[in-house]
Amino acid sequence: MTRKEKARAVLDRLSDAIPEPETELAYRTPFELLIAVILSAQCTDKRVNMITPALFESYPTPELMARASADEILPFIASISFPNNKAKALAKTARMLVDDFGGEVPRAHSDLVKLAGVGRKTANVVVSVAFGQAAIAVDTHVFRVANRIGIVKDKATPDAVEKGLRRAIPREEWADAHHLFILHGRYTCLARSPTCGVCPVTDLCDYYAALESLPADLEGLDPKQGRYFSKTAGRYFDEPASKTDRRGVEQIADPWSGSMNVYDSRTGRTTKRVKDYRI
């Protein structure tokens with residue numbers, strides 16, 4: 001199956017599971033969307049939606065926010081991540097919108113990234129959601145889902161993932177794909193404990209296939225002889241070494257033989273880990 005074929009199958013199934021893919025950030029205008037996306041960096045949409053009503057009531061337009069200092073904005077956003085830096089970014093961005101763009105959120109991606117607190121991802125969200133332009137924004141969820149499923153192959157950066165997705169997915173579906181991957185990552189393909197048992201694309205997923213290929217449990221191990229057991233060397237040990245496998249994942253290793261074929265002697269489970277693409 002080619003990446004384009006895999007992308008087609010995955011999008012079809014996710015569309016059935018998520019019939020209305022759209023942002024979960026609450027906003028009414030392009031300005032409010034821009035501010036909400038800036039605030040959402042390393043913060044949940046749920047938390048952002050809790051604090052933006054009061055913020056937008058006081059500063060509903062760029063002109064009003066431009067008159068405010070970062071110290072005046074800070075109390076409204078104090079409960080989110082990095083509030084001091086974000087307060088400074090909001091105050092500066094509002095002034096830039098007024099001074100450089102006539103109080104309007106620019107439609108051009110190249111103009112948006114000039115604003116304080118706006119990187120490529122934020123600009124992609126705004127041009128796609130607010131203005132209907134073709135763009136794929138890669139956040140932590142999109143990065144994880146695209147790599148895990150294998151629509152992109154072991155891409156190390158958000159920019160590389162974006163380029164891979166743009167090649168695999170038809171341009172007219174970029175916006176929906178962005179939201180489908182975010183929502184799938186937020187509620188199913190979780191960072192720490194993905195719910196693979198209810199995932200609609202497990203049979204297409206490289207990550208799930210890797211999990212299924214992990215060695216079976218070993219029975220009859222004796223934890224009294226050591227915390228770990230090396231199946232290759234047939235020995236117990238308590239102090240493990242670490243070794244990086246060919247996928248770049250740090251694994252527990254037998255310090256004597258170097259083997260990564262190691263089991264937890266208390267549970268009988270392999271200590272091998274699958275690359276999970278959490279950033």
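This is a predicted model: local features need pLDDT of at least 70, side-chain atom pairs count only at pLDDT 80 or more; totals for chains, interfaces and linings use all residues.
## Overall build

Let's start with the big picture. The protein chain carries twelve helices and five strands. Its C-alpha trace spans about 70 × 45 × 30 Å along the principal axes.

As for burial, 45% of the 279 residues count as buried. If you look at contacts between residues at least 6 apart in sequence, 57% of them join residues at least 24 apart.

## Where H1 meets H11

Two packed helices are described by the angle between their axes and the distance between those axes. Here the pair is helix H1 (residues 3–17) and helix H11 (residues 174–187), whose axes come within 10 Å and cross at roughly 65 degrees. Angles of 65 to 115 degrees count as roughly perpendicular, so H1 and H11 are roughly perpendicular to each other. The crossing of H1 past H11 is left-handed.

Which residues make the contact? On the H1 side they are Val10, Leu11, Leu14 and Ser15, and H11 brings Ala177, Leu180, Phe181 and His184. Sorted by class, the contact of H1 with H11 has six nonpolar residues, two polar ones and no charged ones. For a bit of helix background, an α-helix has 3.6 residues a turn, so residues three or four places apart point the same way.

## H2, a mostly covered helix

Helix H2 (residues 30–39) is mostly covered, with nine of its ten residues buried. The buried stretch takes in Phe31, Glu32, Leu33, Leu34 and Ile35, and carries on through Ala36, Val37, Ile38 and Leu39.

What do these buried residues of H2 pack against? Their partners are helix H3 (45–58), helix H4 (62–66), helix H5 (70–77), helix H6 (83–101) and helix H8 (120–130).

Serine 265 sits in the segment after strand E5 (262–264). Is serine 265 buried or exposed? The cut-off for buried is under 20% relative accessible area, and serine 265 comes in at 2% relative accessibility, so it counts as buried.

Terms used: Residues are numbered from 1 along each chain as its sequence is written. Side-chain values use heavy atoms; hydrogens and water are left out. Helices (H or I, at least four residues) and strands (E, at least two) are DSSP runs, numbered from the N terminus. Buried means under 20% relative accessible area, exposed over 50%, partly exposed in between (1.4 Å probe, protein chains only). Axes are lines fitted to C-alpha atoms, for helices over the stretch in contact, and angles run from 0 to 180 degrees between N-to-C directions. Angles under 35 degrees count as roughly parallel, over 145 as roughly antiparallel, 65 to 115 as roughly perpendicular and the rest as oblique. A crossing is left-handed if the near helix is turned anticlockwise from the far one by less than a right angle, and right-handed if clockwise. Contact means heavy atoms within 4.5 Å. Ala, Val, Leu, Ile, Met, Phe, Trp, Tyr, Cys and Pro count as nonpolar, Asp, Glu, Lys and Arg as charged, and the others, Gly among them, as polar.
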